[in-house]
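Thanks for coming. I will go through one structure today, beginning with a single residue and ending with the chain as a whole. Please have a look at it first.

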Amino acid sequence: FTELRSLSMSNPGIKARGWPILAAAPLPALHRLVVADAGAELGVRNLPSFLDALSLPSLVALAMPRAALREAGVSALAASRSLTRIEALGLAQNAIGDAGLLALTRAELPALRTLHLADNALHTAIGPSGLASSGLAETLEHLSLDGNAFGNDGARALAGSRRWRSLTTLELARCSVSDPGVRALLENPAI
């Protein structure tokens, strides 16, 4: 499989010892890895060993939807040094909350251009505010926050930043944003 460029698995059933094996697999051309519905099998316990072993030299897109990461898993992800080449990161439906988003904003992700955080229990303006004031706001081109009910306060927090230099796509479906939040977003020339 030396020419394999994309690998997508759902409910993989990989046990604790299997995650580092997958991460260190001889897949030099792999650009995109999706591990969906891994739940407790990946989770917080096995994520550090998976990330430590991650030696896929061409990997630029990583998606782990419904992997039961929560705040602790995203904190482990943020502490990893193996994601510096990642351009697209998908963490939808992991219940990371505002604290998890804040941890992610402290990660070394200089190449990140696309971030999918749909349905992640972001219910206050704290997470969006932290994201808007972080270095990620300067490099992100595509940001999906769908299904996070942070409302107008979260929209205002996003709109309050002038750091959105590259943002071309912002997804806010089902975020409880109404006229005041939309107005704030539209008044920001950087968005």
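Leaving aside residues up to four places away in sequence, Gly97 touches Asn120, Ala121 and Leu122. Before I go on, note that this is a predicted model.

Where does Gly97 lie? It is in helix α4, which covers residues 97-105. Is Gly97 buried or exposed? Its relative accessible area is 13%, and the cut-off for buried is under 20%, so Gly97 counts as buried. One distance for orientation: the C-alpha atoms of Gly97 and Ala36 are separated by 19 Å, and the two residues are 61 apart along the chain.

Next, Asn188. This residue is found in the segment after α8, the helix of residues 179-187. Asn188 has a relative accessibility of 2%, so it too counts as buried. What does Asn188 touch, if residues up to four places away in sequence are not counted? The list is Leu158, Ala159, Ser161, Arg162 and Trp164.

Now a helix, α3, residues 70-79. Which of its residues are buried? They are Gly73, Val74, Leu77 and Ala78. If you look down the axis of α3, these buried residues fall within an arc of 140°, and therefore they line one face of the helix.

That leaves the chain as a whole. Its secondary structure comes to eight helices and seven strands. Of the 191 residues, 49% are buried. Now take the contacts between residues at least 6 apart in sequence: 85% of them join residues at least 24 apart.

What about overall dimensions? Taken along the principal axes, the C-alpha atoms fill a box of roughly 50 × 30 × 25 Å. The radius of gyration is 17 Å. A compact globule with 191 residues would have a value near 16 Å, so the chain agrees with that expectation.

Last, the surface and the charges. The accessible surface of the chain is about 8,600 Å², and carbon and sulfur atoms account for 54% of that. The chain has 17 positive and 16 negative charges. How far apart are their mean positions? The answer is 4 Å.

Definitions and conventions
Residues are numbered from 1 along each chain as its sequence is written. This is a predicted model: local features need pLDDT of at least 70, side-chain atom pairs count only at pLDDT 80 or more; totals for chains, interfaces and linings use all residues. Side-chain values use heavy atoms; hydrogens and water are left out. Helices (H or I, at least four residues) and strands (E, at least two) are DSSP runs, numbered from the N terminus. Buried means under 20% relative accessible area, exposed over 50%, partly exposed in between (1.4 Å probe, protein chains only). Contact means heavy atoms within 4.5 Å. The radius of gyration is taken over C-alpha atoms; the globule rule is 2.2 Å times the number of residues to the power 0.38. Accessible areas come from the Shrake-Rupley method with a 1.4 Å probe; for residues, only the protein chains shown count as cover. Lys and Arg count as positive and Asp and Glu as negative; His and the chain ends are not counted. The place of a charge is taken as NZ of Lys, CZ of Arg, CG of Asp or CD of Glu. The arc is that of the directions from the helix axis to the C-beta atoms.
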